[in-house]
Amino acid sequence: MASPDQSAKRQYVNFAFYKVDPAWRRLPEDERSRGKQEFIRAVEEYTGKVMVLAYTTVGIRGDCDFMLWRISYELELFQEMSTKILASGLGKYLATPYSYLSMTKRSIYVDHHTHENQESKRLTIIPGKSKYIFVYPFVKTREWFLLTKAARQGMMDEHIEVGHRFPSVKLNTTYSFGLDDQEWVVAFESDKPEDFLDLVMALRETEGSRYTLRDTPIFTCIRKSLKETLDTLGG
């Protein structure tokens, strides 16, 4: 029996942030090298089943050192990969201070908008090749959901128009309702942090901003290969 068209399926998305124990850096160099190689093999074992993009936050945030953006059609694969990661030589020295789970979902607001770097059908995440990604959980007030659809659409139209002023910023929005503590996880890809900063400032002035309950913590992450990301840990 043929498998269903994957383009019509919804993806699971996970942003896992890791913090390395300082004791890791005091290990002998050969032990650190083996630990990193074991970590990389654990991730590569899922090639073709889980898309993984690595980012470093070393020197940027104090509560985490790197992030794995993981995308898959099977939720259980995140757990299986994490189990093997944590069993690696490096994994034994890792904590996971943040891990956000979400899914793709077709937007109810932007079907009539088309823009290369803004909202799309959202059923499939296609990561770009930008140097930076800015990730944060997002929660609206309950009052937002009690507004009429027309009122919300009007405010979202303004929100989307502001986004279109910053074509260098690509937005990936995923949904967490019932799956995790937040309602959405948003991830903005860009080569220009200054454009993202200006975009966020501009969005603060929109009508919809009054209905934001929480949009922190915000993570600025630098994209690197998995090996390069692990090398930033100082080992």
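Strand S6 (residues 170-175) pairs with S7 in the antiparallel sense, over 6 bridges; helices (H or I, at least four residues) and strands (E, at least two) are DSSP runs numbered from the N terminus, and two strands pair if DSSP finds at least two bridges between them. The model is a predicted one, in which local features need pLDDT of at least 70 and side-chain atom pairs count only at pLDDT 80 or more, while totals for chains, interfaces and linings use all residues. Residues are numbered from 1 along each chain as its sequence is written, and side-chain values use heavy atoms, with hydrogens and water left out.

S7 itself (residues 184-190) is mostly covered, with 7 of its 7 residues buried (under 20% relative accessible area; exposed is over 50% and partly exposed in between, with a 1.4 Å probe and protein chains only). One side carries Trp 184, Val 186, Phe 188 and Ser 190, and the other Val 185, Ala 187 and Glu 189.

Turning to helix H5 (residues 193-204), its buried residues are Asp 195, Phe 196, Leu 199, Val 200, Ala 202 and Leu 203. These lie on the same side of H5 because they cover an arc of only 160° around the axis, taken from the directions from the helix axis to the C-beta atoms. On the other side of H5, Leu 197 and Met 201 are exposed. The cover over the buried residues of H5 includes S5, helix H4 (149-164) and S7.

Conventions
Contact = heavy atoms within 4.5 Å.
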